[in-house]
Amino acid sequence: MATTVAGMSKQQLARALGATGAAFGLTSIVAPRAVAGGYGVPVTSAGLQLQRLFGSRALAISALALTARTDEEVDRGLAVVAGMNVIDALTALATAAQAGRAT
């Protein structure tokens with residue numbers, strides 16, 4: 001795996017992604033209405049609970065990036081984040097296709 005990305009070391013990148021993910025996760029847990037509104041998702045009790053679940057997932061995954069000490073841990077954390085984002089994007093596109101609207 002590359003040692004730098006966009007001029008940042010892997011360790012710096014992991015910390016930046018971890019901090020961003022933790023901020024998103026915390027916001028999703030504390031203020032799920034604001035996040036749902038930002039996504040344009042209808043605010044329902046089930047939707048807010050789902051937003052909180054995504055927030056807790058983001059916090060847990062961010063912990064991997066923020067606590068990584070070795071290069072192997074950093075690589076594993078970055079791979080998990082990348083994989084999660086690919087799965088989320090593909091799921092969103094598939095769901096939008098089934099609903100017959102663009103995302």
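Arginine 57 is partly exposed, its relative accessible area being 30%, where buried stands for under 20% relative accessible area, exposed for over 50%, and partly exposed for what lies in between, with a 1.4 Å probe and protein chains only. The model that holds this residue is predicted, so that local features need pLDDT of at least 70 and side-chain atom pairs count only at pLDDT 80 or more, while totals for chains, interfaces and linings use all residues. Residues are numbered from 1 along each chain as its sequence is written, and side-chain values use heavy atoms, with hydrogens and water left out.

Arginine 57 has a charged partner: aspartate 88 forms a salt bridge with it, with 2.5 Å between the closest N and O atoms, a salt bridge being a side-chain nitrogen of Lys or Arg within 4 Å of a carboxyl oxygen of Asp or Glu. Because aspartate 88 lies in helix 4 and arginine 57 in helix 3, the pair ties together parts that are 31 residues apart in sequence. Aspartate 88 is partly exposed, at 28% relative accessibility.

The chain around this pair has four helices and two strands, taken as DSSP runs (H or I of at least four residues for helices, E of at least two for strands) and numbered from the N terminus. Read from the N terminus, the order of these elements is β-β-α-α-α-α. The C-alpha trace spans about 40 × 30 × 20 Å along its principal axes, and of the 103 residues in the chain 24% are buried.

In total the structure holds three salt bridges. In one of them the side chains of lysine 10 and aspartate 75 meet at 2.8 Å, N to O, and this pair links distant parts of the chain, since lysine 10 belongs to helix 1 and aspartate 75 to helix 4, 65 residues apart. Lysine 10 counts as buried at 10% relative accessibility, whereas aspartate 75 is partly exposed at 22%. Another joins the side chains of glutamate 72 and arginine 76 at 2.7 Å, N to O; these two residues are four apart in helix 4 and therefore separated by about one helical turn. Glutamate 72 counts as exposed at 53% relative accessibility, and arginine 76 as partly exposed at 48%.

Arginine 57 and aspartate 88 also belong to the lining of the largest pocket, where they, together with Phe24, Tyr39 and Phe54, are the residues nearest the centre among 21 lining residues. On a 1 Å grid over the protein atoms alone, a pocket is an open set of points where a 1.4 Å probe fits, with protein on both sides within 12 Å along at least five of seven lines, and lining residues have an atom within 4 Å of a point. The space in this pocket is about 660 Å³. Helix 1 (10-30), helix 2 (32-39), helix 3 (45-67) and helix 4 (71-99) each supply at least two lining residues, and the largest share, nine residues, comes from helix 3.

Tyrosine 39, in helix 2, counts as exposed at 55% relative accessibility, and its C-alpha atom is separated by 14 Å from that of aspartate 88, 49 residues apart along the chain. Phenylalanine 54, in helix 3, is partly exposed at 37%, and 7.1 Å separates its C-alpha atom from that of glycine 25, 29 residues apart along the chain.

Methods
Points joined across faces, edges and corners; volume = space filled by probe spheres on them.
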